[in-house]
Structures are given as structure tokens and as C-alpha cells.
Amino acid sequence: MKNLIVANWKMNPGNQKEAKILFEAIKKGIKNVKTEVVICPPFVYLSLLKGLTLGAQNCSWEEKGAFTGEISALQVRDLKVEYVIIGHSERRNYFNETDIQINKKVKKALSAKLKIILCIGESKEEWESGKKVEVLERQITEGLKGINVKEIRNIIIAYEPVFAIGTGDNCSIDETMSSILFIRKVICKLYNRVVSDNIRVLYGGSVKSDNSALYIKNTGANGLLVGGASLNAEEFIKIVKSVA
Ligand code: PGA
């Protein structure tokens, strides 16, 4: 399985010019690298950027109509975007997205032929109170409700413990490995062994070029979801190369 490195630019950079400069620098830097890379810029830059695989950071669970401010999965797909991030912890926490809503988004994105990066992960409080596995199992089971064995092929799971996102306090290698094993166990229970062996599981949370290779080598992760470090072309290129 090829490693997959996803850049989540979040609400950055501040204008089109900077977005193009960052994108072109990344494109140039990874030209001869075999690793799969997906860039997820804000919606407004998706149609400006060409030459690398693109992902959106969110989509609506509705198909069309009177939903002011929303963007549909079909509108995203129409821009030749291939991926969509669903259920990022910032969406769950700041915009109160629930597992039920996330499941509806997953279904709409699948019907629009997008590949989904489904984010899951426990908060610090949940981790401290020993609820990690309970939370992960709930997020997976609810998020994937009604998704069949065939559809699951278009889903990637990103394990992102909330305390590790944007903090520099990345999740330890051992903890990440145990979470990824647990995620595969849940997938095996919901589907079967072949699905759980083949589903891609990414790690995300304060990934930098000095820790990226360790996650790939030692945790069973099939790739990385990179936030802050993906806004610096040189650093992001180093990350991509470190796992090649
Ligand atoms: P970070 O963000 O790399 O800045 O920690 C990761 C993410 O939110 O996907």
C-alpha cells in the first residue's frame, strides 16, 4: 500500500496569490516523489490550483437547494476534486458536528464519487479518563453506519487525537500504534479481516519532518494528515520525502 500524505491547509493562506505560490512550490518539490499527496485548501482556492490531487475540507450532507453558505459534495466533485475530509475535530468541536451529521456527509460524498478522509480521535479529557477506545469505536461505528463492504474501499480513516492537533504535543508512537490496531479491530468487527487489513489509516497531529518517518515506520499508519506543517512548502516537501 502506498503511503498517502494529506495537507490540510485549514483557513489558510490569506489570499489567492499566497495559495498559488505555496501550491506551486509544493508541486515542484515533490515532482519525482512516488508517495501519493493530496492538498486540501479552502473551497475558494480549489478551482485555482492545478497539477496535484485535491481534497475539500468539508461538504454538506444536503444535495442542493436552500442551504445558505453550504457547499455540496457534487459541487466539489465538479471541480475535479477527488477527496474530502469529513469529521475533522475542529468541525466537531467548533461547529458542533455530530456523528449522525458526519455519517450523512459520508453518504453524500460517496454518492458524489469522492474519496473520504474520515477523521476520528479522542479529546484530552476522554484520553485521561480512559475513554479512548469507547470514543473511537463510537465515531467509527456511527460515522460508517450504512456503508457497505464495497463503499468502504473509498474511505480512509485519519486518527487525530485532539490534544495533538496544532499543539506540538504529538501522540506517542506506542499510543498511536495501539489506536491504529484498535481502529483495525473495529473495522474487522464491522466488516471483515480483508477490509481491516486494506483500509488506509492515517495519523495526524503535530506531524513535522523530524517525526513523520517514525509514524510511518513504527505505528502501522499508511500515511499522515498534516496541518500546520503543510503551510510551509519546504517543511511539507521534507515530510513527503521522509516517507517515500
Ligand atoms: P496539525 O493539524 O498538523 O497542525 O497538528 C493536523 C490536522 O488538524 O489535521
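Author: Start with burial: a residue is called buried if its relative accessible area is under 20%. Keep in mind that this is a predicted model. Here Tyr-203 is buried, and Tyr-215 is buried too.

Reader: How are the rings of Tyr-203 and Tyr-215 arranged, stacked or tilted?

Author: For ring pairs, look at the angle between the planes: under 30 degrees counts as stacked. The planes of Tyr-203 and Tyr-215 are at 5°, with ring centres 4.1 Å apart, so this pair is stacked. Tyr-203 belongs to strand β7 and Tyr-215 to helix α9, so the contact ties together parts 12 residues apart in sequence.

Reader: How many aromatic pairs are there?

Author: The count is 2 aromatic pairs. One of them is Trp-127 with Phe-163: the centres are 6.0 Å apart and the planes at 55°, so that pair is tilted. Trp-127 sits in helix α5 and Phe-163 in the loop between β6 and α7, so parts 36 residues apart in sequence get tied together.

Reader: Is Trp-127 buried or partly exposed?

Author: Trp-127 has a relative accessible area of 36%, so it's partly exposed. Phe-163, at 14%, counts as buried.

Reader: What lies over the face of Phe-163?

Author: That's Lys-124, at 5.4 Å from the ring centre. There's also a case with arginine: the charged end of Arg-91 sits over the ring of Phe-95, 4.1 Å from the centre of that ring.

Reader: Now the charges. How many salt bridges are there?

Author: To spot one, look for a side-chain nitrogen of Lys or Arg within 4 Å of a carboxyl oxygen of Asp or Glu. The count here is 13 salt bridges. Among them is Lys-10 with Glu-90, at 2.8 Å from N to O. Lys-10 is in the loop between β1 and α1, while Glu-90 is in helix α3, 80 residues apart.

Reader: Which residue forms a salt bridge with Lys-132?

Author: Glu-175, with the closest N and O atoms 2.8 Å apart. This pair links helix α6, where Lys-132 lies, to helix α7, where Glu-175 lies. Both residues are buried.

Key
Residues numbered from 1 in each chain as written. Predicted model: local features only at pLDDT ≥ 70, side-chain atom pairs only at ≥ 80, totals over all residues. Heavy atoms only, no water. Helix = DSSP H or I, 4+ residues; strand = E, 2+ residues; numbered from the N terminus. Buried < 20%, exposed > 50% of the residue type's maximum accessible area, 1.4 Å probe, protein only. Phe/Tyr/Trp six-rings, centres within 6.5 Å; stacked < 30°, edge-to-face > 60°. Lys NZ or Arg CZ within 6 Å of the ring centre and 35° of its normal.
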